[in-house]
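Welcome, and please have your viewer ready. We will go from stop to stop, selecting a few residues each time and looking at what is there.

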Amino acid sequence: MQISALNGTNFNASQKANTNKSKHLNRMDISFGGNISSQDALSKLSKDNSNIVFKANPKTNKVNINGQNINRKNILVTGASGYIGSHTAKYLLENGYDIVTIDNYTLGNNEATKELKKIAKENGAKFKTYAVDIADRNKVGKIFQENKIDAVVHFAAYSQVGESVKNPYKYYLNNTAKTTMLLDEMNKAGVNKIVFSSTAATYGDPDEIPIRENTSQIPINPYGKSKLMIENIMDDADKAYGLKSVRLRYFNVAGSATDGRLGEEHNPETHLIPNILYAAKAQAKGEAGKPFRMF
């Protein structure tokens, strides 16, 4: 198995295992920060006392990584006003990246965008945001033309399993068709690196626990299918156009930023962990509360 790093280098399974030796750091994103070879990255990560330190220098348009100045990267983040998207944007802004965001604010939180603007200013980072749907190809194409984009992190999607069963067209149109349009605009602009927010729902009812990256992907609902379709499309795009991708297949993500500047805000709340906590809180107070159901 190989994991494609965002600067075009590859980490194989044995190399990935070596990165786990670090007490402080287990991250594959160091090559995302600039032109660091995989060998150099692994040598840094294999030391127990190692820690990659990113520090932006707005005056020189460089990023300092452990004393080495490299060119800043400009990352396009879709769905950056959403929960995971905003936390990712915050991380990038605080760690030496400039970002451009695209969001139609159907489900996003404008307050998160306002906070990201403050974070960008505090860290000397460039931050541009567009209230645009990724299906608006003319506007998206223009955004790529106006901004030198180095890579894309794609979060813009619907994510409710139950809703996807009731309204599958909504999910195939938004999650699959629109993302394919985004990939095509990336290709036209010569951008060939993407981190894709997929889902553990692509595994369906897994045939092994714990689930591994190479566990069979047999999704059982339109949401999981809509995401797996894009993974397959990206595989084809790699062969045809050289698209390099990383897929994030996560389960239930929860919690706020450690500094409290960003958190969760869903209305209505449909996520597993918050609803468990709401039910437990009501029970502790002796209230009926909203019953918790897990399917």
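Before the first selection, one term: a residue is called buried when its relative accessible area is under 20%, exposed when it is over 50%, and partly exposed in between, using a 1.4 Å probe and protein chains only. This is a predicted model, in which local features need pLDDT of at least 70 and side-chain atom pairs count only at pLDDT 80 or more, while totals for chains, interfaces and linings use all residues. Residues are numbered from 1 along each chain as its sequence is written, and side-chain values use heavy atoms, with hydrogens and water left out.

**The whole protein**

Start with everything shown as a cartoon. Of the 295 residues, 40% are buried.

A word on contacts, meaning heavy atoms within 4.5 Å. Among contacts between residues at least 6 apart in sequence, 65% join residues at least 24 apart.

Select Tyr171, in helix H7 (residues 168-189). Is Tyr171 buried or exposed? Tyr171 is buried, with a relative accessible area of 0%.

Next, bring in the aromatic pairs, of which the structure holds two. Rings of Phe, Tyr and Trp (its six-membered ring) pair if their centres lie within 6.5 Å; planes under 30 degrees apart count as stacked, over 60 as edge-to-face and the rest as tilted.

Tyr158 sits in the loop between strand E9 (151-154) and helix H6 (161-166), 13 residues from Tyr171. Tyr158 is buried too, at 16% relative accessibility.

How are the planes of Tyr171 and Tyr223 arranged? Tyr171 and Tyr223 make an edge-to-face pair, with 6.3 Å from centre to centre and 85° between the planes. Tyr223 belongs to helix H8 (residues 222-241), so its pairing with Tyr171 in H7 ties together parts that are 52 residues apart in sequence. Tyr223 is buried at 9% relative accessible area. With these selected, you have one aromatic cluster made of Tyr158, Tyr171 and Tyr223.

Before moving on, select Lys170. Lys170 lies over the face of Tyr158, at 4.5 Å from the ring centre. A charge sits over a ring if NZ of Lys or CZ of Arg is within 6 Å of the ring centre and within 35 degrees of the ring normal.

**Stop two: salt bridges**

Side chains of opposite charge can pair when their charged atoms come close. A salt bridge here is a side-chain nitrogen of Lys or Arg within 4 Å of a carboxyl oxygen of Asp or Glu, and the whole structure holds 20 of them.

Select Lys90, which is buried at 8% relative accessibility. Which residue does Lys90 meet in a salt bridge at 3.0 Å, N to O? One partner is Glu94, four residues away in helix H3 (residues 83-94), about one helical turn. Glu94 is partly exposed at 30%.

Lys90 also forms a salt bridge with Asp259, again with the closest N and O atoms 3.0 Å apart. This pair links distant parts of the chain: Asp259 is in the loop between strand E11 (244-248) and H9, 169 residues from Lys90. Asp259 is partly exposed, at 40% relative accessible area.

Stay with that loop and select Arg261. Arg261 pairs with Glu122, their closest N and O atoms being 2.7 Å apart. Glu122 is in helix H4 (residues 110-122), 139 residues from Arg261. Glu122 is exposed at 53%, while Arg261 is partly exposed at 26%.

**Last stop: helix H9**

Select Ala279, in helix H9.

How values were computed. Helices (H or I, at least four residues) and strands (E, at least two) are DSSP runs, numbered from the N terminus.
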